[in-house]
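I set out to record, entry by entry, what I looked up in this structure.

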Amino acid sequence: MIIGMSGGFGLSGVACFSMLVEISTIFLNYRGMFLKSEMSSPLSMVNQLTFFFTYTIFRIFLFPVFTYKLVLSLYYSWDLLNAARRICGIFAFGMYTWMWALNLIWYKLILTGVAKMLGIISKSSDYKRVE
């Protein structure tokens with residue numbers, strides 16, 4: 001966020017707006033408070049589904065919008081930026097792209113977990129313990 005704010009003009013607004021993705025973290029942290037024996041309780045399932053929906057909305061759908069807004073801001077203010085701000089803008093774009101790629105990798109794991117919870121994918125017990 002500091003690099004986005006250092007980029008100047010609209011980048012600081014995009015950096016602050018992109019903090020909306022942290023809404024899904026509330027439900028991820030709450031999930032960590034459940035004991036393993038409580039993971040099949042109705043409250044745990046509601047929490048996991050809420051995490052899934054907030055992650056989908058804020059990290060999968062809106063994060064590319066934030067990146068697009070960042071690119072637009074850089075495009076329209078490029079001639080007004082000095083070299084340091086241009087470098088910060090390019091670096092911020094790289095970080096946004098990298099974070100979205102990581103979000104997609106994590107999303108695949110979340111989809112698998114939700115599918116197992118809903119019974120779409122069977123929970124395999126064929127795994128051997130590695131020692």
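**Entry 1: the whole chain**

I noted at the outset that this is a predicted model. I looked up the secondary structure and found 5 helices and 0 strands. Read from the N terminus, the order of elements is α-α-α-α-α. I then checked burial: of the 131 residues in the chain, 30% are buried. The exposed surface comes to about 9000 Å², and 71% of it is supplied by carbon and sulfur atoms. I also looked at contacts with a separation of 6 or more, of which 66% join residues 24 or more positions apart.

**Entry 2: α4 and α5**

I asked at what angle the axes of α4 and α5 cross. Helix α4 covers residues 42-77 and helix α5 covers residues 83-118; their axes come within 10 Å and cross at roughly 160 degrees. Angles over 145 degrees count as roughly antiparallel, and α4 and α5 are therefore roughly antiparallel to each other. The crossing in which α4 passes α5 is left-handed. Sorted by class, the residues of this contact are 25 nonpolar, 6 polar and 1 charged.

**Entry 3: α3 and α4**

I turned next to helix α3, residues 23-31, which packs with α4 at an angle of about 155 degrees, the axes being 8 Å apart. By the cut-off used in the previous entry, over 145 degrees, α3 and α4 are therefore roughly antiparallel to each other. I recorded a left-handed crossing here, with α3 passing α4. From α3, the contact is made by I23, S24, T25, F27, L28, Y30 and R31. From α4, L43, N47, Q48, T50, F51, T54, Y55, F58 and R59 take part. By class, the residues of the contact of α3 with α4 are 8 nonpolar, 6 polar and 2 charged.

**Entry 4: M39**

I then looked up M39, which lies in the loop between α3 and α4. Is M39 buried, partly exposed or exposed? Its relative accessibility is 23%. Buried requires under 20% and exposed over 50%, so M39 counts as partly exposed. Leaving aside residues up to four places away in sequence, I found that M39 touches R31, F34, S44, M45 and Q48. Lastly, I checked M39 against M117: the two are 78 residues apart along the chain, and their C-alpha atoms are separated by 9.5 Å.

Conventions
Residues numbered from 1 in each chain as written. Predicted model: local features only at pLDDT ≥ 70, side-chain atom pairs only at ≥ 80, totals over all residues. Heavy atoms only, no water. Axes fitted to C-alpha atoms, helices over the stretch in contact; angles between N-to-C directions. Helix = DSSP H or I, 4+ residues; strand = E, 2+ residues; numbered from the N terminus. Parallel < 35°, antiparallel > 145°, perpendicular 65-115°, else oblique. Left-handed = near helix turned anticlockwise from the far one by under 90°. Nonpolar A, V, L, I, M, F, W, Y, C, P; charged D, E, K, R; others polar. Buried < 20%, exposed > 50% of the residue type's maximum accessible area, 1.4 Å probe, protein only. Contact = heavy atoms within 4.5 Å. Areas by Shrake-Rupley, 256 points an atom, 1.4 Å probe, with all protein chains shown as cover.
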